Amino acid sequence: MNSYDGHVLVVKVDAPYGEIPEWDFTVECPGATDQCRSWEECGVSECSAYGGADSLYDNEMTEHGQEHRYIGDAWMVRTDRCHLNFDPSEAAEEAVVRLKLGPGRYAVTSWDFHDGVLAALEVDPRPLAPREAA
Ligand SMILES: [Zn+2]
Ligand SMILES: [Zn+2]
């Protein structure tokens, strides 16, 4: 499970003397796939996906040559960006607090989206070796 093949949660803390520490969470992506891809609202004006669904339960269709998905309350098209790298990431912060993680790099084991938002992030709490040493 502990592998560099997947996503890595990077936890950094910047604590200048006498100031409140600032935590920073980012997720490194090995390359966006359908499992983690970010979708964004279709920018085509009067997109034909709106009103084009055969039923209320249709949430995927191809319009004007692009795959569309209904997420949240909008028709979205695919991007090449990773959806795990929310900023600020409440799911990442929640995982860090729950697992009592310090600064470091952690292998992401699973995640969950809810209505297009990263809702949960699970990581292996054993820190990965720094990349320089790999
Ligand atoms: Zn469209
Ligand atoms: Zn990704």
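Tutor: Let's start with a definition: a residue is buried if 20 or more other C-beta atoms lie within 10 Å of its own, exposed if 12 or fewer, and partly exposed in between, with C-beta atoms placed from the backbone. The model is predicted, and local features need pLDDT of at least 70, side-chain atom pairs count only at pLDDT 80 or more, while totals for chains, interfaces and linings use all residues. Residues are numbered from 1 along each chain as its sequence is written, and chains are lettered from A and ligands numbered from 1 in the order in which they are written.

Student: Is K100 buried or exposed?
Tutor: K100 sits in the loop between helix 1 and strand 7; helices (H or I, at least four residues) and strands (E, at least two) are DSSP runs, numbered from the N terminus. Count its C-beta neighbours inside 10 Å and you get 7. Because of that count, K100 comes out as exposed.

Student: Zooming out, what pattern does the chain follow along the sequence?
Tutor: The secondary structure comes to one helix and eight strands. Read along the sequence, they give β-β-β-β-β-β-α-β-β.

Student: How many bridges join strand 1 and strand 2?
Tutor: These two run antiparallel, and V11 stands opposite F25 in strand 2. The number of bridges in this pair is seven.

Student: How wide an arc do the buried residues of helix 1 cover?
Tutor: The buried ones are A91, A92, A95 and V96. The arc is that of the directions from the helix axis to the C-beta atoms. These residues are on the same side of helix 1 because their arc is only 140°.

Student: Which residues are exposed on the other side of helix 1?
Tutor: The buried residues of helix 1 pack against strand 1, strand 2 and strand 8. On the other side, the exposed ones are V97 and R98.

Student: Which residues touch the most other members of the largest nonpolar core?
Tutor: A nonpolar core is a set of buried Ala, Val, Leu, Ile, Met, Phe, Trp, Tyr and Cys residues joined through C-beta atoms within 7 Å. The largest one holds 18 residues. Those touching the most other members are L9, A92, V108, L121 and V123.

Student: What is L121 in contact with, leaving aside neighbours within four places in sequence?
Tutor: Two residues are in contact if their C-beta atoms, placed from the backbone, lie within 7 Å. With that cut-off, the contacts of L121 are L9, A91, A92, A95, V108 and W111.

Student: Which residue is the bridge partner of E60 in strand 5?
Tutor: Strand 4 (residues 60–63) and strand 5 (residues 66–71) run antiparallel and are joined by four bridges. Within strand 5, E60 is partnered by R69.

Student: What about H64: buried or exposed?
Tutor: H64 lies in the loop between strand 4 and strand 5 and has a positive phi of about 35° although it is not a glycine. Its C-beta has 11 others within 10 Å, which means H64 is exposed.

Student: Which turn residue has a positive phi in the hairpin of strand 5 and strand 6?
Tutor: Strand 5 and strand 6 (residues 74–82) pair antiparallel over four bridges, with Y70 opposite W75. Two residues separate the strands, and the one with a positive phi, about 65°, is G72.

Student: Last one: how far apart are the C-alpha atoms of R105 and P130?
Tutor: R105 is in strand 7 and touches V8, V10, P127 and L128, not counting residues up to four places away in sequence. R105 and P130 are 25 residues apart along the chain, but their C-alpha atoms are separated by 7.2 Å.

How values were computed: Two strands pair if DSSP finds at least two bridges between them.
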